[in-house]
Amino acid sequence: MMNKNRFIKFRKIISRKFFKFLSIFLVILFAITLILFRAYSLEKSRPQIILENPINRIVFEHTSELGEINWGGVIEQATLEFNGEYINYIIIALGAGNLHKSYTGYGNPIIELNIDGEVWTSEISNSLVTSKTSSEKEDLRISLTRREAIEAILSPDIKSFMKTSVINGNTQIEMVAGKVELASKGYLAMYNGITGEDVKI
């Protein structure tokens, strides 16, 4: 009789532990499913940002009737007319169009660019907004010269140009936010594409 009671108690303990484990497992599974569904919904609803090269007009103006381009004139005029459109074109070409609002509550992606000492901030939400201001919430900081930025835009492959620029030390990229926050906004693939470095969380 004693052994039977012990066996019943043992079965009850095992049953309680099993149901507790099953409950925790189902809650975790539900949370993961919810996060993935939210990520998928945001991905589907995010508009693609496509921009026209902002230097095309200047190149056209400096092209002779014979089709020869005065590259010195192009760079000089582009340097004088440098604005937020140039920055937008560069960061979209680098993969900022794949960035998104954090799935875990960190907010919108914000990139700070230091161009010859001038600080610009780009925020990606439903659109791309770039202004000549600094931010205390930047995720990534990119520093380069105007000439380097213009040459990147004029290059046939901005990603390759920027990767070479980073390797040569002409462009600096600094991760400001934590790795979990950067991952939650989609930065890691972009960072790897520019620097060639794999970031482990």
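Biologist: How many salt bridges does the count come to, and what makes a pair of side chains a salt bridge?
Modeller: The count comes to 10 salt bridges, where the term stands for a side-chain nitrogen of Lys or Arg within 4 Å of a carboxyl oxygen of Asp or Glu. The model is a predicted one, in which local features need pLDDT of at least 70 and side-chain atom pairs count only at pLDDT 80 or more, while totals for chains, interfaces and linings use all residues. Residues are numbered from 1 along each chain as its sequence is written, and side-chain values use heavy atoms, with hydrogens and water left out.

Biologist: What makes arginine 57 and glutamate 61 a salt bridge, and where do the two residues lie?
Modeller: The closest N and O atoms of arginine 57 and glutamate 61 are 3.0 Å apart, and the limit is 4 Å, so the pair counts. Both residues lie in helix 2 (residues 56-61), four residues apart, about one turn of the helix; helices (H or I, at least four residues) and strands (E, at least two) are DSSP runs, numbered from the N terminus. An α-helix has 3.6 residues a turn, so residues three or four places apart point the same way.

Biologist: Why are arginine 57 and glutamate 61 called partly exposed?
Modeller: Buried means under 20% relative accessible area, exposed over 50%, and partly exposed in between (1.4 Å probe, protein chains only). Arginine 57 has 43% and glutamate 61 has 44%, so each falls in the middle class.

Biologist: What does the salt bridge of lysine 132 and glutamate 118 tie together?
Modeller: The closest N and O atoms of lysine 132 and glutamate 118 are 3.5 Å apart. Because lysine 132 lies in the loop between strand 3 (128-131) and strand 4, and glutamate 118 in strand 2 (residues 118-124), the pair ties together parts that are 14 residues apart in sequence. Glutamate 118, at 22% relative accessibility, counts as partly exposed.

Biologist: How do you know whether lysine 185 and aspartate 139 are buried or exposed?
Modeller: Lysine 185 has a relative accessibility of 1% and aspartate 139 one of 0%, so with the limit for burial at 20% each is classed as buried. Their side chains meet in a salt bridge of 2.9 Å, N to O. That pair links distant parts of the chain, with lysine 185 in helix 7 (residues 179-185) and aspartate 139 in the loop between strand 3 and strand 4, 46 residues apart.

Biologist: Which residues does leucine 182 touch?
Modeller: Leucine 182, which also lies in helix 7, touches Asp139, Met175, Ala177, Tyr187 and Leu188, not counting residues up to four places away in sequence; contact means heavy atoms within 4.5 Å. At 0% relative accessibility, leucine 182 counts as buried.

Biologist: What makes helix 4 largely enclosed by the rest of the structure?
Modeller: Eight of the 10 residues of helix 4 are buried, and therefore the helix is described in that way; among them are Tyr86, Asn88 and Ile91.

Biologist: How do you know that the buried residues of helix 6 line one face?
Modeller: The buried residues of helix 6 (residues 158-167) are Ile158, Met162 and Ser165. Seen down the helix axis, they fall within an arc of 60°, so they line one face of the helix, the arc being that of the directions from the axis to the C-beta atoms. These residues pack against helix 4 (84-93), strand 4 (140-144), helix 5 (146-154) and helix 8 (187-195).

Biologist: Why is leucine 80 called exposed?
Modeller: Leucine 80, in helix 3 (residues 71-80), has 70% relative accessibility and therefore counts as exposed.
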